[in-house]
Amino acid sequence: MKNFTTVLKIAPAFLLASTIIHAQTNDSLKEKKIEEVVLIGYGAKKKSDLTGSVTAISAKDFNEGSINSPEQLIQGKASGIQITNNSGAPGAGSTIRIRGGASLNASNDPLIVIDGVPVDATGISGAANPLALINPNDIESFNILKDASATAIYGSRASNGVIIITTKKGTSGRVKLNYTTTTSIYEKMGNIKMLSTNQFRDVVMSQAEPAFQQLLGNSNTNWQNEIYQTALGFDNSVSLSGGVKNLPYRLSLGYLNQDGIIKTNNIERTTVSLNLNPKFFDKHLEINFNVKGTYVENRFKDDGAIGAAVVFDPTKPVYDPSFTKYGGYWEWLQANGDPNTNATKNPVSMLNQRFDLSYVRRVLGNIQFDYKFHFLPELRANLNLGYDYSDSNGNTTVLPSAAMNYYEKGTYRRYTQEKKNKLLDFYLNYLKTVESLKSTFDLTLGYSYQDWQRSEPFAPTIYGTGLSNPKSGRDIFTQNTILSYFGRFNYTFNNKYLLTATLRRDASSRFSEDNRVGYFPSVALAWKIDQENFLKDSKVLSSLKLRAGWGQTGQQDIQNNDYPYLARYVVSDAGATYQIGDDFYNTLRAQGYDKNIKWETTTTKNIGLDFGFLKDRISGSIEVYEKESKDLLSIVPVPAGANLTNLLLTNIGDMRNRGIEANVNVRAIEKDNFTWEFNVNATHYRSEITNLASTEVLTGGIGGGTGTMIQVHSQGYQPNAFYVYQQVYDNAGKPIEGAYVDRNGDGVINNSDLYKYKSPAPDVLLGFSSKFTYKNFDLGFTMRASIGNYVYNNVASQYGNLQGIKNNGYLQNIHTSYFDTGFNRAQYQSDYYVENASFIRMDNINLGYNFASFISKNSKIRVFGSVQNAFVITKYSGLDPEVFNGIDNNLYQRPRIYSLGLNFQF
């Protein structure tokens, strides 16, 4: 990794040398205008010929600034897709949903295809986000396939939509060098609203027993400020592209070093990418070779440090010289001087005395051969061979002086993982235009094989006492395979009427032979109304196309279980051995299974209208859709004795998702020295569980309430609806502790009075982006809004009461909501804590200036600055209203980011 860093440090010298060479080169090649072509599964189509719902986003429309994961490039840029950052940690992932998802417990993540290779999105040990292992600077475009007529060609993995990512390629001609460097400053947005030191003293002195009052200290510590920092990040990328005779190439190197806003958190990523795309035999054979290598080093923070900083007693100091036994950090102790096992641990100690390191290597590559037959040029054969390999290892060390593992005398754990993803795709494509019939025929037939393997050796935690936890275990190896045949037929008549029909047959090793095979058909029609005689010469209407589609897709992406239909036995752990004489023996334990488990199937209907006015100065689309998922995969409780487990993965019911989305692009002003363009997109959808074999499935575990679930899957309601009591208020509008509405009127308040109230899913998602240019200046921004999403404020429900100063022999800080409620004890299931979290967020503001003809006429420099997460407008009382699962519990907050960058092109 250090060698890569050295290369990037000498990049400016490399740039200068290349510039001199370039200045002596006669460039006779003109830039080619990129055709408006959209990638679809196993092929490409002109945008005007699409029959399905597909959104294309190119590099010119990407978000700018500190972008360390590809999905951040398109956040807020398209209707029907919701991207929510899971955390503010460097390299953290995002939750991506296309039209709301289609499952309960199986994956709702879209299929992501990078340069023709469907990648494994289940995660890599030691990497917070597998997508973050791809350098965003290498990406050329995104194509988002949303309806079944567009996605059914991917069959069993396409129920949640498909995102096709294409990386940059070389072009023939002169050598081009591009270097981008970005420096960023990251700062926290704010603090969770806990009592100040003086407020905390007042409450303890007025409400706590004398024994607890005596525990107050003399310090004034803001613990949240102690764990946060203003962080720095550096991102460098250099690429070299051009052509040597018939060999276009692009080589790029990238280096990212970013600290987190929580101390000790860091990611260091080095990437290398090579693309070769030569043509042979009079351009009848095209070869596209891509390989991307990544090496990442992470240091993760302690997950509990945020919660500890929120509640740690503000009257206590961070350090105390008398606490040398614990590294000099102040801790809650028992009378004998040992740590209080129940007490909150010093959050600064939790960060500084824990070393959680990971090292990840990943190689993703493919080689694609596309051959146009000499004797029949309408016929093409395409072979794509892909491989995605990752090798990761990590170790977590907690020092013996850390109070959190004092009784174990410190801990150490080392883990490794290896993942392999192999792909073979082959298809034939026949494209023929018959002028006499005014018809174009486009037929594709293909075969696909993909295999995933994962191996993880047993990795116990070793205590400083010499013991290990668990004492015994087993290595893990798991594998799943999909074999597929697919076909697609496109027909165009008179350049007005279009038909697309697809069929895919998938066989998955995750199901028994009786249920292994699934068939996924689709059909779509389109009418280019603008080509009719009554509109063809219109000076106002430039394009108008009506689309309608129907199709079925599948779901087999079961989490952490590749063999759900098999009767299995596993070796018991050390806590479940059987004694015979003086010896203890591990037992074989039967596992629950469902031999009849099968595919989820989602049927989608879609109607769309694409339009353009004034030579497409105004363009866009409107979509109306319905998705119905059958045989939902979910983990449900089973009656005692009915199976070999109390929770079983099985097919349990159906769900419906209806929505409407709109997207409008406007090139409002196009002058020589001034341009203005903007995009507005809107999405509305609602999911409803229409059938559930189990009465209700509880979900949504919360902090503080052991075993308490705050959400439910229930027939007739949205997934993850909040399941709470209806709070009773006094005449002044203050909630009455423990008083709830008797909703069934039986005179008793119990679980029968819980009701379904609101949902984390928004009613409406809005996006607005705009870009201005004035001479060499450009200014742009991206803004998002979410309306009607609700969040359960778990921080307030857990700490907005007096339990922290009345129990367990130590003190905890109190959330400021206590002043509004006066609660003595936590009221976890009150709907008081379910808040409207609608928001408007300014995601990105960027300003740039282009210096043209720098050094030579073919070189230029761009200077740019940006602010990300600039502001949020919301009535939500918590720190951040954007919580995808709807439960706000000590999340790693998203930082505000200030970036300054330079881009050199030669």
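Visitor: Which residue in β43 stands opposite Lys771?
Guide: Gly780 does. This is a predicted model, in which local features need pLDDT of at least 70 and side-chain atom pairs count only at pLDDT 80 or more, while totals for chains, interfaces and linings use all residues. Residues are numbered from 1 along each chain as its sequence is written, and side-chain values use heavy atoms, with hydrogens and water left out.

Visitor: What makes β42 and β43 a pair?
Guide: Two strands pair if DSSP finds at least two bridges between them. β42 and β43 (residues 777-787) are joined by 11 bridges in the antiparallel sense, so they pair by that definition. Strands here are DSSP runs of E of at least two residues, and helices are runs of H or I of at least four, both numbered from the N terminus.

Visitor: What lies between β42 and β43 in the hairpin?
Guide: There are 2 residues between them, and Lys775 in the turn has a positive phi of about 55°.

Visitor: How many bridges join β35 to β42?
Guide: β35 (residues 674-692) and β42 (residues 764-774) run antiparallel and are joined by 11 bridges. Within this pairing, Val680 stands opposite Phe768.

Visitor: Why is Asn108 called buried?
Guide: Buried means under 20% relative accessible area, exposed means over 50%, and partly exposed is in between, with a 1.4 Å probe and protein chains only. Asn108 has 12% relative accessibility, so it counts as buried. Asn108 is in the loop between β5 (94-98) and β6 (111-114).

Visitor: What lies 2.7 Å from a polar atom of the side chain of Asn108?
Guide: The backbone nitrogen of Ala102 does. A polar contact is a pair of N or O atoms within 3.5 Å; within protein, one must be able to donate a hydrogen and the other to accept it, and residues adjacent in sequence count only if both atoms are side-chain atoms.

Visitor: Why does Asn561 count as buried?
Guide: Asn561 is at 19% relative accessibility, and therefore counts as buried. Asn561 lies in the loop between β25 (541-555) and β26 (569-571), and its side chain reaches the backbone nitrogen of Tyr563 at 3.1 Å.

Visitor: Which residues does Asn561 touch, not counting residues up to four places away in sequence?
Guide: Asn561 touches Arg510 and Arg568, where contact means heavy atoms within 4.5 Å.
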